[in-house]
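This report describes selected local features of a structure, with the cut-offs that define each term. The structure is shown below.

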Amino acid sequence: MAFAPEYVKYVLNENFEDAKELFLAPLMAIHYAHLVMLARQGIVSRADAHTLRAALDAVSQDDVRRATYDGTCEDLFFYVERLIASACGGPGGDDVAGRLHTARSRNDIDMTMYRMRQRAWILDLFAASVELRRVLLGLAARHRETIFAVHTHTQRAQPTTVAHYLLAVIEQLERDAPRLRGAYDRTNRNPLGACAITGTGFPIDRQLTAELLGFCGPTGNTYGSIATVDYLLESTAATAVLLAGVGRFVQDLLLWCTSEFGYVRFGDGFVQTSSIMPQKRNPVAIEHARAIGSKALGQTQAILMAVHNTPFGDIVDTEDDLQPLVYAMFRDATRAVRLVAAAMATAAFDAARLEARAGDGWTTLTELADTLVRDRQVPFRTAHAIAARLMSGRQAQPDRPMAALLADASRELLGAPLEYSEAAVTGMLSPRHFIEVRRTPGGPAPEETARAIAVSQTELDADQSWWKTATDALASAERRLAERSAAL
């Protein structure tokens, strides 16, 4: 069949190049695993299995990657199949080569390749998020006493600690972990053996090929094995949630880098100066992280749009043209997360400056109201009003003692003044006092953040262990496949 030159240029050539980069290695692994299974089940003879294994060994992946598309075959699968047939050689070589395709189809081969690559990309993103958590935990441990003002609705709100803020980001990343683990588990299922749609009449062993390729087990329904993309959408959704969370953190970092805030400073290796303004210290690494992460988030939406409202079956919308986008999404998401982790490893917070400004803008006024409730049993709503009047009074009479202003405000609302010393009122409004009394589980008191850091460290250790187990299992399966195929 001669393909139209436009089809070759705009589709087949592009797909061939993408497949060489992304799917050649898993395709060859599938060939080996399928051959081992066919020989084990007696579907091909021992002699033919030996010839086919030697032919597979003769295929140079480096040579394939250097090959250019010439239009004589449809795709990478047929290109490699031609190489295998050539390597079988001699009389009947094509017949022997043809036996390798017994009890399988490009449909189940494609779905198996996609899942093999996707599981590796999930593990890469998981590792990047774990590294970011490790860096942030180290910062949190060093800044349990570092007090600064945080914002709600972009306005100064209350003091907290750098550790308390970072722990909020860390816990969000911790929740990303089970989402990615779940996506990995449902991706790491073997479709091989589903064939085109309905499986096969040959006595194949899908569990064996699953084990040889490092899968947790085979997929179920053979139609669904080649039709479903929910496993892809699950990992895409998990990636989108992670990126949205990291992006909000990155936005704060960029604001904190400004001279107006001056909360954080990154190492020289993560900033650039201006070509005309020598005083500039631009946090370009964090800007790049935001841009790359935003691009990856857009790619997650493109994947969803590409597959929605497509027929439930084998169709190119979920295959050749989509898979490079899937790869780009995972690559860019992982780049963004790793870049943030690397930059945060150099982050420096000026603790003295932060605490000195933490009480600006009446950020501790809630604690004054809380103290009136605790000490004098004033209803909170009334205490809130007293605190608001105190603030108004101070703005109108900035030189008047705070204790006198509090007495006036309470007299107006309670009919009698609440008497406190000036030192007591100053203590109520102290940012450090504000932090120390907030021992609520999950709160900013240093002893509470110490507890939370220990819990998060345990979570981190468990997730690192899971990642190592998963990656070791894939490496073990690769070795097992090499041994079993060599034994042919």
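## Basis of the description

Buried residues have under 20% relative accessible area, exposed residues over 50%, and partly exposed residues lie in between (1.4 Å probe, protein chains only). The model is predicted: local features need pLDDT of at least 70, side-chain atom pairs count only at pLDDT 80 or more, and totals for chains, interfaces and linings use all residues. Residues are numbered from 1 along each chain as its sequence is written, and side-chain values use heavy atoms, with hydrogens and water left out.

Helices (H or I, at least four residues) and strands (E, at least two) are DSSP runs, numbered from the N terminus.

## Salt bridges within helices

A salt bridge is a side-chain nitrogen of Lys or Arg within 4 Å of a carboxyl oxygen of Asp or Glu. By this rule the count comes to 28 salt bridges. One of them links Asp57 to Arg53, with the closest N and O atoms 3.2 Å apart. These two residues are separated by about one helical turn because they stand four residues apart in helix H2 (residues 46-58). Asp57 counts as partly exposed at 44% relative accessibility, whereas Arg53 counts as buried at 16%.

In helix H3 (residues 61-66), Asp62 and Arg65 are three residues apart, about one turn of the helix. Their salt bridge has its closest N and O atoms 3.8 Å apart. Asp62 is partly exposed, with a relative accessible area of 47%, and Arg65 is partly exposed at 36%.

Asp176 and Arg179 form a further salt bridge, the closest N and O atoms being 3.0 Å apart. Both belong to helix H7 (residues 162-187), where a spacing of three residues separates them by about one helical turn. Asp176 is buried, with a relative accessible area of 1%, while Arg179 is partly exposed at 33%.

Trp121 is placed in helix H6 (residues 106-142) and counts as buried at 6% relative accessibility. Contact means heavy atoms within 4.5 Å. Apart from neighbours within four places in sequence, Trp121 is in contact with Leu22, Val326, Tyr327 and Phe330. Val326 lies 205 residues from Trp121 along the chain, yet their C-alpha atoms are separated by 9.4 Å.

## The loop between H11 and H12

Phe312 is located in the loop between helix H11 (284-307) and helix H12 (323-344), and it is exposed, with a relative accessible area of 53%. Together with Ile197 and Tyr223, Phe312 makes a nonpolar surface patch of about 300 Å². Patches are made of residues with over 30% relative accessible area and no salt bridge; like charges are joined within 9 Å, and nonpolar side chains (Val, Leu, Ile, Met, Phe, Trp, Tyr) within 5 Å. Accessible areas come from the Shrake-Rupley method with a 1.4 Å probe; for residues, only the protein chains shown count as cover.

Thr318 is also found in the loop between H11 and H12, but counts as buried at 8% relative accessibility. Not counting residues up to four places away in sequence, Thr318 touches Tyr114, Val229, Val307 and Gln323.

Two strands pair if DSSP finds at least two bridges between them. Strand S1 (residues 147-152) and strand S2 (residues 155-161) run antiparallel and are joined by six bridges. His151 stands opposite Arg156 in S2. The hairpin of S1 and S2 has two residues between the strands, and His153 takes a positive phi near 55° there.
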